[in-house]
Amino acid sequence: MTDQPPRDTTADTSGSSRGRRLQQWAALDTTSGALLLIAAAVAVIWANSPWRDSYDSLLSVEIGPQALHLHLSLAHWASDGLLAIFFFVVGVELKHEFVAGSLRDLRLAGVPIAAAVGGMVAPALFYVVVVALGDPEALRGWAIPTATDIAFALAVLAIFGRGLPLALRTFLLTLAVVDDLLGIIVIATFYTDEIDFVMLLGAILAVCVFAVLVRQAWKWWPLLIPVALVAWGLMHASGVHATVAGVLLGFTVPAVAIRGERHPRTEVLGEAVRPYSAAIALPIFAFAAAGVTVIGGGGAIVQPVSVGIVAALVVGKVVGVLGSTWVMTRFTPLRLPDSIGLRDLLPIGMLTGVGFTVALLIAELSFEGGSDDHATAAKAAILVGSVVSAALAAVLLRWDARQVRDADMNRDNIPDTDRDVIGG
């Protein structure tokens, strides 16, 4: 007898069927990317309209219990609270990839891991060079262009990459997942000023309790949400960015089937939470973070910070991804996955320049309490750089899809056998 979650054995009602279809629709790559774009566009339009003061006033509204140090503005609830849901999904995906997915075998994961590292180092160097020459005070934002937005990048690939090898999506997902892991480490390491170790220990203990409960019978699962909220609250109080709690909680979920179940709980929880992350958490965060006011700003938007970020996203990312991939395939035994050639990585490198969600978060952390001009310029540059990267990637994806493909695209002297394609 298997230990499965309780299921209503009665006939499905039309309402529950519609609910499932809605969840499936919300979890699609294209849906997530579209909602992100719409939310960001609404924020930018509102922030530059005659009613822009109401946008700032809305995000400044403070709610939450003061006694628990959670009397936060709506903007902080979006970045510290809702974004933790997104990072929980990232943590679950990371756990699954490391245990049962593409990251479990270094021979398959070595190249995308190297591409992720190169795709972070090169943009950071581009930014540092530009900013150091023109505005050294803004060097704190060096990590802003290192991030890749998984949701947006996968959405562009799903729409414009039809006919290209499905392995290309796996490569991009692996690269972006590693990129997110490194980004989380950067946030926890470089953007934490003071740490309350008592609160941090409490958060870790709460994560441990979550880890025990998530392996138990399904009847204990109602306790997962309150325990997760405690872990999040304690992590927030410790001074470490609260989104780190989401990642740690995600990492505790079993990635192999247990208790006679057919599917690992990483898949079950990932599928359950992803629609809320994609359709609610990410769009609301984008709405709260993307509202950059450029009307009346004079020349404040064009400054070394913005130039450095756009150059890093549009050029630095491509240089890092292609350069590191070429080095790995040229000087080591590692090769690209089956059916993928080096030319396919030109649009993929461009897609990694879509830095949107995490980049906006790092921009807020970088210039928190500092120059408003720097923060405004950084956010505007993230939007411009991400849109330019996405547009160029779309053109390159269609170009790549029209090219004739060799029998051995990855040059491993073994004919390609993986014929699955995106949208096929």
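This is a predicted model: local features need pLDDT of at least 70, side-chain atom pairs count only at pLDDT 80 or more; totals for chains, interfaces and linings use all residues.
User: OK, helices. At what angle do helix 11 and helix 14 cross?
Analyst: Roughly 45°, and the axes of helix 11 (residues 265-289) and helix 14 (residues 356-366) come within 10 Å. Helices here are DSSP runs of H or I with at least four residues, numbered from the N terminus. Axes are lines fitted to C-alpha atoms over the stretch in contact, and angles run from 0 to 180 degrees between N-to-C directions.

User: What does that make helix 11 relative to helix 14?
Analyst: Oblique. Angles under 35 degrees count as roughly parallel, over 145 as roughly antiparallel, 65 to 115 as roughly perpendicular, and the rest as oblique.

User: Which residues make the contact?
Analyst: Leu282, Phe285, Ala286 and Ala289 come from helix 11, and Phe356, Thr357, Leu360, Leu361 and Glu364 from helix 14. Contact means heavy atoms within 4.5 Å.

User: How much of helix 14 is buried?
Analyst: Ten of its eleven residues, among them Val358, Ile362 and Ser366. Buried means under 20% relative accessible area, exposed over 50%, and partly exposed in between, with a 1.4 Å probe and protein chains only.

User: And helix 4 with helix 7, at what angle do they pack?
Analyst: About 120°, with the axes of helix 4 (residues 74-99) and helix 7 10 Å apart. That makes helix 4 oblique to helix 7. The contact is made by Phe86, Phe87, Val90, Glu93, Leu94 and Phe98 of helix 4 and by Val177, Asp180, Leu181 and Ile184 of helix 7.

User: Switching to the core. Which residues touch the most other members of the largest one?
Analyst: Ile144, Phe171, Ile309 and Leu351, out of 93 residues in that core. Helix 7 (residues 166-190) gives the most to this core, with twelve residues. A nonpolar core is a set of buried Ala, Val, Leu, Ile, Met, Phe, Trp, Tyr and Cys residues joined through side-chain atoms within 4.5 Å.

User: What does Ile144 touch?
Analyst: Leaving out residues up to four places away in sequence, Ile144 touches Ile309, Ala359, Ile362, Ala363, Ser366, Phe367, Ala378 and Ile382. There is also a second, separate core of 18 residues, which includes Val207, Phe210, Val227 and Val253.

User: Where is Val314?
Analyst: In helix 12 (residues 304-331). Val314 counts as buried at 15% relative accessibility. Its C-alpha atom is separated by 9.1 Å from that of Leu351, 37 residues apart along the chain.

User: Which residues have a positive phi without being glycine?
Analyst: Arg259, at about 55°, and Ser339, at about 80°. Most residues other than glycine have a negative phi.

User: Buried or exposed, Ser339?
Analyst: Ser339 is buried, with a relative accessible area of 6%, and lies in the loop between helix 12 and helix 13 (345-351). Arg259 is partly exposed at 40%, in the loop between helix 10 (243-251) and helix 11.

Key: Residues are numbered from 1 along each chain as its sequence is written. Side-chain values use heavy atoms; hydrogens and water are left out. Helices (H or I, at least four residues) and strands (E, at least two) are DSSP runs, numbered from the N terminus.
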